[in-house]
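Subject: A structure to look through

Dear colleague,

I am passing on a structure that I would like you to read alongside these notes. Please keep it open while you go through them.

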Amino acid sequence: MAIDVNALWCVVPAAGRGARFGGEIPKQYLPLAGRPLILHTLERLAAHPRVTGLVVVLAAQDRWWPQVGEINGKPVRTAVGGSERGDSVLAGLRALPDEIDETQFVLVHDAARPCLRYEDLGRLIAEGARSGGALLAAPLRDTLKRANGFNRSIETEAREARWRAFTPQMFRRGELMAALEAASARGVIVTDEAMAMELVGHKPMLIEGAEDNIKVTTPADLKLAEFLLEKTT
Ligand code: CTP
Ligand code: MG
């Protein structure tokens, strides 16, 4: 099977409101080490020589996007997202250049993960192409509890074979679009691309990545991201 990762585009969903973070400015645009968070994310992606271009998916009413057309010499396109993350990713996949045919791989990476490591991205790209589809993730290390409605721990669940899913995730454009469309048609809200792929029978490869690839969700995460940005490349 031909493995074509020559033109590897990345879809970056950035159309969320950041409800858990709170505040007026969506978290992806808050200053991080002096610049909008999303620019760090885009730079980390564009730093990899295999990444050819980026599609950033924005909310319909976005007023904060810094209007960059190019990062590290790579084109940055925009698309308009939807009400769920999966809708936004689909919009981004539809906005890819025509020359990306359906068998070609694409990356999807959360705008809110600015601390992605170069080495992890490189490993994902290599393993994703080899395995037919993959995602960065980390095996669960803590003991896992099931709570009742009063935050009382009622059961300890198996930790074995449980992973936390990160991004980037890498799939073939056509397979991923079909999977996201199928989930949408069934009314299933998918929280990552791998979930959509699983629902139509694929088995994405879990690639262990650094746990510091955090998704900025709360104000405390922003402080942590600032610290991690300096320590990682
Ligand atoms: N996202 C998106 N379109 C949506 C929802 C989310 O493009 N309809 C993006 C977010 O902008 C973010 C990524 O998907 O970069 C991961 O989502 P999450 O961390 O949940 O961000 P928000 O949905 O903005 O935050 P919250 O769930 O707290 O509202
Ligand atoms: Mg969300």
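This is a predicted model: local features need pLDDT of at least 70, side-chain atom pairs count only at pLDDT 80 or more; totals for chains, interfaces and linings use all residues.

Residues are numbered from 1 along each chain as its sequence is written, chains are lettered from A and ligands numbered from 1 in the order in which they are written, and side-chain values use heavy atoms, with hydrogens and water left out.

The sheet is open and has eight strands in the order 5-6-4-1-7-11-8-12, with mixed pairing; strands here are DSSP runs of E with at least two residues, helices are runs of H or I with at least four, and both are numbered from the N terminus. Two strands count as paired if DSSP finds at least two bridges between them. Strand 5 (70–71) and strand 12 (205–208) are at the edges with a single partner strand each, so one side of each has no neighbour in the sheet. Strand 5 pairs with strand 6 (residues 74–80) in the antiparallel sense over two bridges, and Ile 71 stands opposite Lys 74 in strand 6.

Strand 1 pairs in the parallel sense with strand 4 over seven bridges, where Cys 10 has Leu 54 as its bridge partner, and it also pairs in the parallel sense with strand 7 over three bridges, where Val 11 has Val 108 as its partner. Seven of the seven residues of strand 1 are buried, so the strand is largely enclosed by the rest of the structure; buried means under 20% relative accessible area, with a 1.4 Å probe and protein chains only. Leu 8, Cys 10, Val 12 and Ala 14 point one way from strand 1, whereas Trp 9, Val 11 and Pro 13 point the other way.

Helix 2 (residues 85–94) is also largely enclosed, because seven of its 10 residues are buried. Its buried residues include Ser 88 and Leu 90, and their cover includes strand 1, strand 4 and helix 4, by contacts between heavy atoms within 4.5 Å.

Ligand 1 has 19 residues around it, and among those that come nearest are Arg 20, Lys 27 and Ser 88; a residue is counted if one of its heavy atoms lies within 4 Å. An oxygen atom of ligand 1 is 2.8 Å from a polar backbone atom of Gly 18.

With best wishes

Technical notes: Buried means under 20% relative accessible area, exposed over 50%, partly exposed in between (1.4 Å probe, protein chains only). A polar contact is a pair of N or O atoms within 3.5 Å; within protein, one must be able to donate a hydrogen and the other to accept it, and residues adjacent in sequence count only if both atoms are side-chain atoms.
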